[in-house]
Amino acid sequence: MMERIASRLGLVQYSRILSRAACCDVSKDMEFQRLFNGYYRVRRNPEWCSHYYALFEAMKTGMPTFEYIIRTLYDRSGNIEASFASKMLATLDTSKPIWDQYVLSRLHMKLKENGKQEKLRNAITLYAGIADWYTQYLSTDESASCIMVFNRYLPDYAWISDVKKLDFFLWSSR
């Protein structure tokens, strides 16, 4: 039963993504890209993916930030890729939250769109708001209870960051 829950939540695939990201060149490893694309529903053309995974690999050294990633993606594609910037960052640093429609909806947040430059600035500010929400929520008894339940029912995945555990709760409640 627990394995079925882990599978439904995508924990097995998530674990494979993290372990593979740590030991391969993600810009060349097609298995990693297939796993990541499937898990996060990346549906972009090969040129976009080439730029994305090259940046992903480059970000494995140093201290990547959401702002740097989203701005670099914007410079390369002209698109504001907030969700994919956060997913890259959260894979590189599992203490960082992801941005997706379910997280935004549950947190009652929305990206304001007033032209590309303003939208880019708003995305950076909104991601900081998401991160702040996680920081504040992680200090609550409710959060501790959620994490305890996660660890009790999925002990093989207790190693996953508390932020990611909360992500799974947010996703599962959609």
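User: Which residues does D167 touch, and what makes them contacts?

Analyst: D167 touches P97, I98, V103 and Y134, not counting residues up to four places away in sequence. Contact means heavy atoms within 4.5 Å. This is a predicted model, in which local features need pLDDT of at least 70 and side-chain atom pairs count only at pLDDT 80 or more, whereas totals for chains, interfaces and linings use all residues. Residues are numbered from 1 along each chain as its sequence is written, and side-chain values use heavy atoms, with hydrogens and water left out.

User: Why is D167 called buried?

Analyst: The relative accessible area of D167 is 0%. Buried means under 20% relative accessible area, exposed over 50%, and partly exposed in between (1.4 Å probe, protein chains only). D167 is therefore buried. Its place is in helix 10 (residues 162-172); helices are DSSP runs of H or I with at least four residues, numbered from the N terminus.

User: What joins the side chains of D167 and Y134?

Analyst: A polar contact of 2.3 Å joins them. The term denotes a pair of N or O atoms within 3.5 Å; within protein, one must be able to donate a hydrogen and the other to accept it, and residues adjacent in sequence count only if both atoms are side-chain atoms. Y134 is one of the buried residues of helix 8, as are L120 and Y127.

User: How do you know that Y14 is buried, and where does Y14 lie?

Analyst: Y14 has 2% relative accessibility, so Y14 counts as buried. Y14 lies in helix 2 (residues 11-23). Leaving aside neighbours within four places in sequence, Y14 is in contact with Y39, Y40, T94, I160, K164 and F168. Y14 and I160 are 146 residues apart in sequence and 9.7 Å apart in space, C-alpha to C-alpha.

User: Why are the buried residues of helix 2 said to line one face?

Analyst: In helix 2, L11, Y14, S15, I17, L18 and A21 are buried. Seen down the helix axis, these residues fall within an arc of 160°, so they line one face. The arc is that of the directions from the helix axis to the C-beta atoms.

User: Why are helix 3 and helix 4 called roughly perpendicular?

Analyst: Helix 3 (residues 30-40) and helix 4 (residues 46-58) pack at an angle of about 105°. Angles under 35 degrees count as roughly parallel, over 145 as roughly antiparallel, 65 to 115 as roughly perpendicular and the rest as oblique. The two helices are therefore roughly perpendicular to each other.

Conventions: Axes fitted to C-alpha atoms, helices over the stretch in contact; angles between N-to-C directions.
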